Amino acid sequence: MSRRTLTSALGLLVLASMVLAGCAQATPTEAPPVATEAPAPVVTEAPPPYAGISGAGDCANGTTVASVEAVDQFTVKFTMCVPDPAFLSKIAFSPFGIYPQEWLEANTAAGSRLDSPVGTGPYMVSEWTRGESLTFTKFPDYWGEPAATDTLVFRWTAESAARLLELQSGTVDGIDNVGPDDFAVVEADSDLQLMVRPALNVFYIGMNNTFAPFDIKEVRQAVAMGVDRQRIVDTFYPAGSEAAAYFTPCAIPNGCVGDEWYTFDPAAGKELLATAGFPDGFKTKLFFRDVVRGYLPEVARVAEEIQAQLKANLNIDAEIVVMESGAFIEAANAGTLAGFHLLGWGADYPHVTNFLDFHFAGTKKQFGDPFAVIYEGLAAAAQIADPAEAEPLYVTANNAIRDLVPMIPVAHGGSATAYRADVVNPQASPLTNETFSVTAPGDRTTFVWMQNAEPISLFCQDETDGESLRACEQFGQALYSYEVNGTAVEPALAEVCAPNEDLTVWTCTLRQGVKFHDGTEFDANDVVASFVAGIDSTSPLHVGNTGAYEYWITLWGNLWGGEAPG
C-alpha cells in the first residue's frame, strides 16, 4: 500500500472518530428523577339543599287543603283533604295570586299591603290617587309577552251616561257596563265598538234568618212570590238578560237542575204572609250600594222598584238605606244587615261551586244560620268530577234553596263594554277580569279604562269586590290564569299542575326565570308563603283588609285554624 493511500485511510479514520465524538457529545444524558408532590385535588362545595317551607291544616274543620309544600325550588305540592276536580279553575282566580315571601314577611302591619302590592305581571302599580285614578306602568323584566302600552290608567264613575260621554269625547279608551239604553247608541256610532258579555251572573234579594221576621220560612217564601222578577228585567235590563229561574245561570252545568223558582203570585204571597202572622205586612229596611254591575245595571231605580212592589203586593214598608261599597260588602259578609239587601254575583270561574258553594257553604253568615241540608250536599257534590254523577246532589241542593229561600234570585243580567273604534283586541270577559296588557289603544301609548267604581284595595287575597279584582289582574298572577275573553284555564306562573289519580294531590312545576316587580326571583317558597298568608288564620302573615278572606273560606272549605261549620 502506498503512503498516499495509507495517509488517506488514516485521515478518514480520524475524521470518522471526530464525527462520532461530536455525535456522542450532542446526546443529552438523563437526569435522575426528582420527587414531586401530587397536585392537590380541587374541592367544589355542593350548593346547600333548598330550604323549602310548608304549611298544613286540619281537615277536621272543613278545610279542603291539607297541606302545601315546597318540594324543591320549582316544585310545589298541594295535598287535599278531598278530591277537587275544580282545583285548576280555582287557583287561576286573582285572590290566589302569588306575592314574594320576603314582601309578605316585611308587610304585616295593618293596611301595609293595600295600596302598593308587588306581583309578577306585565304591569306594575305606579300611583294610586284615591278618588281620582290608578296608574300602572309596563314592567320591563316581565317573563312573558310585554304589555301593549307603556301606561295603563284606571278611572271610575258610577253613572253609565257619564262613562259613555267620556268615551265619546275620547278622554278614555274603554268603559265598563254600558247602560241598558245605550247599547244601540254605541252600535250606531262608527267611532265606537260594543262588546257584549255572556250573562254569567245573578242579581238577588238577600235576607238574614237571624233577624225577625226573616227567621220565619213562610215570610221568606211569601216575599219570593210577591216580587215580579220579569217586570224588573223587562224594565231595567238590556237585551240578553233574563229573569232568574235558578240561582246559577243555566249555561253552567248543574246550575238549573231541580224545580224552578216560584212564579209571581202576590195573592198567594199575601195569604202566606198572613198565615205567618203578618196580615198587615211589616216594616224593614232595604240596603244596597250605589255601584253598577253587570247583574244590576240601574241600582237606585231597581231598588225603588223593589220597594214599590213590596208595598203594593205584600204591604211591606222597606226603607231604602244606601251604604258605601266597602262597608256594605263587609256588613253583608258578616251577616249584620237586618232587612233586605241587594247584591249579586258574577262568575269567577265557570263551575257551579263558584255560585252555590260561595253563597250557601256552612261557613257563610250572609243569609244568617246556614242550612245543613244545603251545604252538606254541596260539599259532597264538589268532590265529584263527572257532572252527571253529581247532578242528583245538585237537584237536592237547588230544591232546598227554593224551599228555604235564603234569598230571591231576580235576574241574570246581560252587560257590555265599549271601546274607541281603533282599539285592538277589545275585551268583554265573561268573568269580568279583563287583562289590558293585550289591548292596544290605536297608536297611543296610554290606555285609559273607566269602570263603575274605585277599587277598595289592591291586596286581593282579602277582597271580593269586582273593581278591586280587575285591578289586581293587571299586576298580579296566579299559578294558572283564564284565557283572554274566555273561561278556559291556562298555565301562568306554573308550567303545569298535575293531579294524582284520585285528585287529592296536585303537583305544580313552576316557571323558572320569573322576577317580581321588586327584583326578587320567583320560586316555590313564594307560592307556599302566599297560600299560608291567605288560608292560615293563625299565621302572622295572615294580614289583609277586613280580615274576611271570603274566597279562601268558601272555595277551600275553611281557613286553617277556623271554626268548623255547623
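## From a bridge in the sheet to the helices

In this predicted model, Arg155 has Met450 of strand β18 as its bridge partner. That pairing belongs to a set of six bridges that join strand β6, residues 151-156, to β18, and the two strands run parallel. Strand β18 itself spans residues 446-451 and is mostly covered, since five of its six residues are buried. Strand β7, residues 174-175, is also joined to β18, here through two bridges and again in a parallel arrangement, with Gly174 standing opposite Trp449 of β18.

Turning to the helices, we can look at how α6, residues 217-226, meets α8, residues 266-275: their axes come within 7 Å and cross at roughly 165 degrees. Because angles over 145 degrees count as roughly antiparallel, α6 and α8 are described as roughly antiparallel to each other, and α6 passes α8 in a left-handed crossing. On the α6 side the contact is made by Glu218, Val219, Gln221, Ala222, Met225 and Gly226, while α8 contributes Pro266, Ala268, Gly269, Leu272 and Leu273. Sorted by class, this contact has seven nonpolar residues, three polar residues and one charged residue. The spacing along such a list can be read with the helical repeat in mind: an α-helix has 3.6 residues a turn, so residues three or four places apart point the same way.

A further helix, α10, covers residues 325-334, and seven of its 10 residues are buried, so α10 is largely enclosed by the rest of the structure. The buried residues are Ser325, Gly326, Phe328, Ile329, Ala331, Ala332 and Asn333. Which elements, then, cover the buried residues of α10? The cover includes strands β11 (283-289), β12 (317-323) and β13 (340-346), together with helix α16 (550-555).

How values were computed
Residues are numbered from 1 along each chain as its sequence is written. This is a predicted model: local features need pLDDT of at least 70, side-chain atom pairs count only at pLDDT 80 or more; totals for chains, interfaces and linings use all residues. Side-chain values use heavy atoms; hydrogens and water are left out. Axes are lines fitted to C-alpha atoms, for helices over the stretch in contact, and angles run from 0 to 180 degrees between N-to-C directions. Helices (H or I, at least four residues) and strands (E, at least two) are DSSP runs, numbered from the N terminus. Angles under 35 degrees count as roughly parallel, over 145 as roughly antiparallel, 65 to 115 as roughly perpendicular and the rest as oblique. A crossing is left-handed if the near helix is turned anticlockwise from the far one by less than a right angle, and right-handed if clockwise. Contact means heavy atoms within 4.5 Å. Ala, Val, Leu, Ile, Met, Phe, Trp, Tyr, Cys and Pro count as nonpolar, Asp, Glu, Lys and Arg as charged, and the others, Gly among them, as polar. Buried means under 20% relative accessible area, exposed over 50%, partly exposed in between (1.4 Å probe, protein chains only). Two strands pair if DSSP finds at least two bridges between them.
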